[in-house]
Amino acid sequence: SPCRKIKRLKGGTLPPWSEDQIAAALAGLPAYLRRAVVLAVYTGQRRGDLCAMRWDACDGEAIRLRQSKTGAELVIPLHPILRAEMAAWRREANSLHILTTRRGRPWIPTHLSQDLGRALVALGLPPGLNIHGLRKAAAARLADAGCTVHEIAAITGHTTLAMIALYTQRADQERLANAAIKRLQLVHTTKDRN
């Protein structure tokens with residue numbers, strides 16, 4: 001097979017952002033890039049879908065969208081933090097799109113990635129952080145909050161539960177390990193008293 005001669009590209013997986021990295025980005029990025037981080041972490045959407053979001057799809061309570069990759073139609077309720085942020089952004093909006101460049105134009109997804117990457121490195125954050133890592137962080141936050149894989153999929157729009165399990169593996173492991181030790185303590189303490 002001619003495919004045997006093709007070498008695998010280097011690159012690996014796209015890392016999820018840590019809470020410290022999210023906080024540093026929110027504190028240090030200029031407003032037009034900060035908005036992308038906020039919208040990504042509270043909606044869990046892909047870069048292209050974030051760039052395509054328009055104000056007419058948001059009623060102040062939820063954002064409605066059709067994902068470009070899967071065609072999934074989603075209604076994502078606004079987290080109170082996102083709702084407050086979007087209310088402030090809307091007062092300044094001069095575009096149909098929620099996310100815009102410094103000049104007020106809709107983002108081209110690759111340009112958003114490039115500009116965000118450069119700005120993050122300038123803040124002292126590690127290279128390689130990107131919008132997709134925020135999607136993973138959003139899924140991990142939902143898992144940390146105790147959401148089921150189906151609840152997480154209702155936000156992120158994933159069509160396979162295996163992908164959600166991959167995104168939330170670390171968060172699920174810690175949550176499940178804590179629950180297991182609590183159960184063990186309950187049983188073990190009760191048996192020791194008898």
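## Basis of the description

A residue is called buried when its relative accessible area is under 20%, exposed when over 50%, and partly exposed in between, using a 1.4 Å probe and protein chains only. By that criterion W107 is buried, with a relative accessible area of 6%.

The model is a predicted one, in which local features need pLDDT of at least 70 and side-chain atom pairs count only at pLDDT 80 or more, while totals for chains, interfaces and linings use all residues. Residues are numbered from 1 along each chain as its sequence is written, and side-chain values use heavy atoms, with hydrogens and water left out.

## Overall make-up

The protein has 8 helices and 2 strands, where helices (H or I, at least four residues) and strands (E, at least two) are DSSP runs numbered from the N terminus. Read from the N terminus, the order of these elements is α-α-α-β-β-α-α-α-α-α.

Of the 194 residues of the protein, 38% count as buried. With contact taken as heavy atoms within 4.5 Å, 62% of the contacts between residues at least 6 apart in sequence join residues at least 24 apart.

## Helix α2 and its two helix partners

Two packed helices are described by the angle between their axes and the distance between the axes. Here the axes are lines fitted to C-alpha atoms, for helices over the stretch in contact, and the angles run from 0 to 180 degrees between N-to-C directions. Helix α1 (residues 19–28) and helix α2 (residues 31–43) have axes that come within 8 Å and cross at roughly 145 degrees. The contact is formed by I22, A25 and L26 on the α1 side and by R34, V37, V38 and V41 on the α2 side. By class this contact has 6 nonpolar, no polar and 1 charged residues, where Ala, Val, Leu, Ile, Met, Phe, Trp, Tyr, Cys and Pro count as nonpolar, Asp, Glu, Lys and Arg as charged, and the others, Gly among them, as polar.

The axes of α2 and α4 come within 10 Å and also cross at roughly 145 degrees. On α2 the contact residues are R34, R35, V38, L39, Y42 and T43, and on α4 they are I81, L82, E85, M86, W89 and E92. These residues divide into 7 nonpolar, 1 polar and 4 charged. The α1 contact includes R34 and V38 of α2, and R34 and V38 are likewise listed in the contact with α4.

## Aromatic rings and a charge over a ring

The structure holds 1 aromatic pair. Rings of Phe, Tyr and Trp (its six-membered ring) pair if their centres lie within 6.5 Å, and planes under 30 degrees apart count as stacked, over 60 as edge-to-face and the rest as tilted. The pair consists of Y32 and W107, and it is stacked because the ring centres are 6.2 Å apart and the planes lie at 20 degrees. Since Y32 lies in helix α2 and W107 in the loop between α4 (80–92) and α5 (109–122), the pair ties together parts that are 75 residues apart in sequence. Y32, like W107, counts as buried, its relative accessibility being 18%.

A further ring is that of Y42, over which the charged end of R141 sits, 5.5 Å from the ring centre. The criterion for such an arrangement is that NZ of Lys or CZ of Arg is within 6 Å of the ring centre and within 35 degrees of the ring normal.

## Residues brought together from separate parts of the chain

T70 is found in the loop between β1 (62–66) and β2 (73–77) and counts as partly exposed at 34% relative accessibility. Leaving aside neighbours within four places in sequence, T70 is in contact with R46, G157 and T159. The C-alpha atoms of T70 and T159 are 7.8 Å apart, although the two residues are separated by 89 residues along the chain. S113, placed in helix α5, is partly exposed with a relative accessible area of 23%, and its C-alpha atom lies 9.9 Å from that of L33, 80 residues apart in sequence.

V149 belongs to helix α7 (residues 149–156) and is partly exposed, with a relative accessible area of 28%. Beyond its neighbours within four places in sequence, V149 is in contact with L161 and I164, and the C-alpha atoms of V149 and L161, 12 residues apart along the chain, are separated by 6.5 Å. R170, in helix α8 (residues 161–193), counts as exposed at 57% relative accessibility. R170 and A140 are 30 residues apart in sequence and 7.7 Å apart in space, C-alpha to C-alpha.
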